[in-house]
Amino acid sequence: ATPTAIMVGTGLGAKRGVLFRNALALEASARIEVVVMDKTGTLTKGEPEVTDMVIGGSGLSEAEILRLVAAVERESEHPLAGAIVRHARENGTPDIAATRFENVPGHGAIAEVEGHRVVVGNRRLLDREGVDPGALASARDTLAATGHTAVLVAVDGVAAAVIGIADAPRETSADAVAALRELGVEVVMLTGDNHATAARIARAMGIDTVVAEVLPGDKAAEIARLQAGGRKVAMVGDGVNDAPALARADLGIAIGAGTDVAIEAADVVLMRSDPLDVAAALRIGRGTLRKMR
Ligand code: ADP
Ligand code: MG
């Protein structure tokens with residue numbers, strides 16, 4: 001490897017805010033065949049907003065349910081929890097306390113509020129709790145089919161509401177997928193969100209391969225699976241959940257607006273948080289390698 005080629009590549013990257021940690025990162029960029037992209041906060045803006053709330057037959061009003069849910073979600077650090085708390089505040093929901101809060105990674109959260117057991121999360125969490133969504137199943141499916149994340153709420157073992165949450169795609173996500181394909185790279189979406197929601201969003205972005213409902217601890221194993229046969233895999237992510245996968249990949253790429261944990265685990269940092277810069281990083285790597293031969 002000639003030091004000049006590496007300096008040129010590093011400089012080209014720096015000019016557009018693509019920071020390579022070292023010469024190895026630059027070389028690895030040249031050889032990537034598969035790019036795995038986290039959904040929330042990477043392909044989407046990571047600013048989820050409540051768009052819908054459908055209530056079921058629990059006997060509680062929408063305002064009462066929102067009060068209970070907000071109390072649970074105020075204790076959670078999940079971005080979806082933030083969206084629900086904001087929505088509750090905008091609706092003038094009073095703050096009440098939750099006790100015995102339990103975070104269930106990849107599923108949701110559970111707590112006790114005013115003597116009620118309140119469960120907030122995905123389908124898997126309600127299954128685990130033995131709660132039948134009943135008439136709310138169709139609202140849940142419709143929300144998922146339109147690209148929303150459907151958050152289910154159960155109060156004392158009864159399905160009480162479905163909350164629809166939308167997270168807008170980043171402006172350049174579809175272009176970034178097209179640019180990667182032009183480089184002959186396969187693009188995969190990796191997410192903890194449910195299959196229907198992820199598939200809808202992936203289709204809008206031109207992504208064929210979706211790996212959904214992956215538990216936070218299993219993202220790195222998914223990378224290892226894609227590496228079978230010696231394929232060179234890059235992972236692009238923003239969250240604490242993504243750090244082990246970023247470390248496991250042949251090239252870890254962190255979104256600059258992401259968490260410090262993700263940035264520390266990565267080989268490349270995209271300071272502009274623009275998915276198009278993933279393709280730029282690979283092109284710079286290829287250009288550098290050509291000069292090194
Ligand atoms: P991701 O951030 O990729 O969507 P997570 O593993 O953090 O993945 O979460 C997976 C799913 O679990 C979410 O899509 C959501 O359905 C559910 N979930 C997790 N935490 C919460 C929470 N605090 N409130 C509601 N739903 C949650
Ligand atoms: Mg994310």
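A residue is classed as buried if 20 or more other C-beta atoms, placed from the backbone, lie within 10 Å of its own, as exposed if 12 or fewer do, and as partly exposed in between. Gly-13 is therefore buried, with 25 other C-beta atoms within 10 Å. The model is predicted: local features need pLDDT of at least 70, side-chain atom pairs count only at pLDDT 80 or more, and totals for chains, interfaces and linings use all residues. Residues are numbered from 1 along each chain as its sequence is written, and chains are lettered from A and ligands numbered from 1 in the order in which they are written.

Gly-13 lies in helix H1 (residues 3–15); helices (H or I, at least four residues) and strands (E, at least two) are DSSP runs numbered from the N terminus. Contacts require C-beta atoms within 7 Å. Leaving aside residues up to four places away in sequence, Gly-13 touches Val-18, Leu-19, Phe-20, Ala-281 and Ile-284.

Six strands form an open antiparallel sheet, ordered S3-S8-S7-S6-S5-S4; pairing requires at least two DSSP bridges. Strands S3 (49–55) and S4 (99–104) stand at the edges with a single partner each, so one side of each lacks a neighbour in the sheet. Strands S5 (residues 108–113) and S6 (residues 116–121) pair over six bridges. Glu-112 stands opposite Arg-117 in S6.

Terms used: Contact = placed C-beta atoms within 7 Å.
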